[in-house]
Each structure stands twice: as structure tokens, then as C-alpha cells.
Amino acid sequence: MRKEQFLQLVEEAKSGSNPIISDKSFEGFTLSKMDLSRITFNACRFDSVDFDNCKFKLTDLRNSTLLMCLFDGCNFEGAHLEGTVWQRCDGSLVTFDGCKMNESHFDHGKWNVVYWMGCELQGLQMEGVRLMQSVMQSSDLVGAVMKDCEFEQNRFMQSKVSNARFISVMFHDTSLDRVLGGSIPNTEFVGCYFGSSDFSGMELDGIRFHRCNFRSAFFNGASLQWTDFQDSQVNNSNFRSCKFNQTNFRGVDLSNAQFDEDLDRSKLISDSMEV
């Protein structure tokens, strides 16, 4: 459907004559400063639609697909976005405030200065996404899966991260030290890069960092009991005042890492052999 038909359906939805827009496909137009609040788009498809400073307050887009859409300055407040697919979409200056986004999927795309505040993000999937200068604050990321993503200058502020998987994710100046409770239980990192990431004071007991590359990371004061760093690189990373117990450093060169002066590095290696 083209823009004229879309606008007609929106008008009917606002008037109450046709409150639910279901199983419709819309393609190739721009919407500027449009208020789409309180409209239900059930399992709809948006293809190459540009949303410029649009408002989505309490909008219901559950199980809808957004393909190659652009979101610039948009505000999603209390929106239902469960099961949505955001495929090759780009966005900047976007706010998701109190949104329900469980099992949503971001498949490639670039997002710059995005705020997720108080959102339900259980089972969130991101693949091939570049996320820059963004914040996930007071949100729930239980069971999230991130793969082949690039995160730059992002923050996870008082968000719950657990049972999550990060696979081949690049963290540039992106830290997890301010997650809820300072811990990320049952979370796994495989083949990830961490540049100047801060884990200071965190409880990382039992966390698996497998084949990861840490460059100038900060673990100062962190609890690393049973933490698995197998086959990782920890160049110029700071492990001062950390708590070690059965920490796995198998296949890890510790010569360029920083530890307390009285710590016996050979003991760390021998303990790893017993894990």
C-alpha cells in the first residue's frame, strides 16, 4: 500500500471505525512529524518507510516487520513491540521509553544515540547491528543474544543482564560495570573484542570469556572466581585487587597484564590447570 492508503487507514483507526490495522503491507514513503499513538498495527509490514520525528505513544506493532526503514528523532513511549523484526533499519536520536520488546529482533542496521529506558527486552536478538553512543537504562535483558555486532561508547545503566550470550561482538569503550547489581550471571562471551572496557568491582564469578581479546580493560577489584578466560588475550588489562579462585587462564599470556605486586602469576596458571 502507498502513502495515501496508509493515511486513510490511520484516520479510520483514530476515529474508531476500523481500530485495528492487520496484515497490511506499506512501502516506499516518508512520514514526517506524524502522531501514530494508540494505533494497533497487527503483524504488518513496513518496507522502505522513513519515519521522521514521529510519535509512537502506546502504539501496538506486535509481530510486525520493518524492512529498510529509517527512524530519525522518533519517540516510542509505552509501545508494544513484542516479536517485531527490524531488518536493515537505521535510526538516530530514538527513544524507547517503557516499551515491551520481548523477543524482538534487530537484524543489521546502524543506530546512533538511542535510549532504551525501562524497557522489557527479554530474549532480544541483535545480529550485525552497529550501535553507537546509546544507553540501555533500567531495562531487562534476560536471555538476550547479540551476534556480530559493534558497540561503540554505549552504556548499560542499572539494566538486568543475565543468561545472555554475546558472540563476536566488538565493544569499543563500552562497559558493563553499571549493570544492575554489578553482576551478569550465567552470561557468555565468545570471540568478543573489548577495547578500554570497564569491569571494575563487578561480580563476574563463573562468567565465560572464551577466545576474547581484551585491550586495556579494567577488572580492578572484580570477583573472578571460576571465571573462564580460556584462549583469550588480556594485553595491558588491569587485574589489580581482584579475587581469584579457580580462575581459568588456560592458553592466556599474562605477561602484559597488570596484577598486584605480591600475586604469584605462576600460581594462577597452575590453578587454571586444575579447573
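Colleague: How many helices and strands does the chain have?
Modeller: Two helices and 24 strands, taken as DSSP runs numbered from the N terminus (helices H or I, at least four residues; strands E, at least two). This is a predicted model, in which local features need pLDDT of at least 70, side-chain atom pairs count only at pLDDT 80 or more, and totals for chains, interfaces and linings use all residues. Residues are numbered from 1 along each chain as its sequence is written, and side-chain values use heavy atoms, with hydrogens and water left out.

Colleague: What does the C-alpha trace span along its principal axes?
Modeller: About 75 × 25 × 25 Å.

Colleague: And what share of the residues is buried?
Modeller: 47% of the 275 residues. Buried means under 20% relative accessible area, exposed over 50%, and partly exposed in between, with a 1.4 Å probe and protein chains only.

Colleague: What part of the contacts comes from residues 24 or more positions apart?
Modeller: 7% of the contacts with a separation of 6 or more, a contact being heavy atoms within 4.5 Å.

Colleague: Switching to rings. How many aromatic pairs are there?
Modeller: The count is 47 aromatic pairs. Rings of Phe, Tyr and Trp (its six-membered ring) pair if their centres lie within 6.5 Å; planes under 30 degrees apart are stacked, over 60 edge-to-face, and the rest tilted.

Colleague: Why do Trp86 and Trp111 count as edge-to-face?
Modeller: Because their planes are at 75 degrees, with the ring centres 6.0 Å apart. The pair links distant parts of the chain, 25 residues apart: Trp86 is in strand β9 (residues 85-87) and Trp111 in strand β11 (residues 105-117). Both Trp86 and Trp111 are buried.

Colleague: Where is Ser237, and is it buried or exposed?
Modeller: Ser237 is in the loop between β23 (223-225) and β24 (243-245), and it is buried, at a relative accessible area of 0%.

Colleague: What is Ser237 in contact with?
Modeller: Beyond neighbours within four places in sequence, its contacts include Phe214, Arg215, Asn256 and Gln258. A polar atom of the Ser237 side chain also lies 3.2 Å from the backbone nitrogen of Ala217.

Colleague: Which phi does Asp148 have?
Modeller: A positive one, about 55 degrees, although Asp148 is not a glycine. Most residues other than glycine have a negative phi. Asp148 sits in the loop between β14 (145-147) and β15 (150-152) and is partly exposed, at 41%.

Colleague: What about the phi of Ser196?
Modeller: Also positive, at about 60 degrees. Ser196 lies in the loop between β20 (193-195) and β21 (208-210) and is partly exposed, with 38% relative accessibility.

Methods. Polar contact = N/O pair within 3.5 Å; in protein donor to acceptor, adjacent residues only side chain to side chain.
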